[in-house]
Amino acid sequence: MNSTEPLVLALIAATAVRVFVPDVVRGLRRLLGAGVRVGAAELSASRPVYGPAARQQEIPSASLDGPGEQPWGSS
């Protein structure tokens, strides 16, 4: 074994770390961001509705097919 071989291996390892670590970190950050977006969407989907939107959902819409009403043209 040559005396320069460990130095060469260390330089190769340092170069590989310098080249690939930023891409790995960027990928992990993107995965974490996607997980946060999915989690936020799940939380907002299961959240009860408050305010004007809730009041609009409680008001039944008038239709001709309701109980006690007859469609037009039938007498």
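Q: How many salt bridges does the structure hold?
A: This model is predicted. Side chains of opposite charge can pair when their charged atoms come close. The number of salt bridges that the structure holds is one.

Q: Which side chains meet in the salt bridge, 3.1 Å from N to O?
A: A salt bridge requires a side-chain nitrogen of Lys or Arg within 4 Å of a carboxyl oxygen of Asp or Glu. The N to O distance here is 3.1 Å. The two side chains that meet are those of Arg-26 and Asp-23.

Q: In which helix do Arg-26 and Asp-23 both lie?
A: The two residues are three residues apart, about one turn of the helix. The helix in which both Arg-26 and Asp-23 lie is H1.

Q: Is Arg-26 buried or exposed?
A: A residue counts as exposed when its relative accessible area is over 50%. The relative accessibility of Arg-26 is 51%. Arg-26 therefore counts as exposed.

Q: What is the relative accessible area of Asp-23?
A: Values between under 20% (buried) and over 50% (exposed) are classed as partly exposed. Asp-23 is partly exposed because its relative accessible area is 46%.

Q: What distance separates the end C-alpha atoms of H1?
A: Helix H1 covers residues 5-46. Its 42 residues, at 1.5 Å a residue, should span 62 Å. The separation of the end C-alpha atoms agrees with this, at 60 Å.

Q: At which residue in H1 does a kink of about 35° lie?
A: The kink comes shortly before the proline Pro-22. The residue at which it lies is Phe-20.

Q: What is the area of the nonpolar surface patch made by Val-19, Phe-20, Val-24, Leu-28 and Leu-31?
A: One of its members, Leu-28, lies in helix H1. Leu-28 counts as exposed because its relative accessibility is 54%. The patch has an area of about 520 Å².

Q: What percentage of the 75 residues of the protein count as buried?
A: The secondary structure of the protein consists of two helices and zero strands. Its accessible surface is about 7,200 Å², with 64% belonging to carbon and sulfur atoms. The share of residues that count as buried is 3%.

Terms used:
Residues numbered from 1 in each chain as written. Predicted model: local features only at pLDDT ≥ 70, side-chain atom pairs only at ≥ 80, totals over all residues. Heavy atoms only, no water. Patch = residues over 30% accessible without salt bridge, like charges linked within 9 Å, V, L, I, M, F, W, Y side chains within 5 Å. Areas by Shrake-Rupley, 256 points an atom, 1.4 Å probe, with all protein chains shown as cover. Helix = DSSP H or I, 4+ residues; strand = E, 2+ residues; numbered from the N terminus. Buried < 20%, exposed > 50% of the residue type's maximum accessible area, 1.4 Å probe, protein only. Expected span 1.5 Å × (residues − 1). Bend = angle between axes of the 7 residues up to and from the residue.
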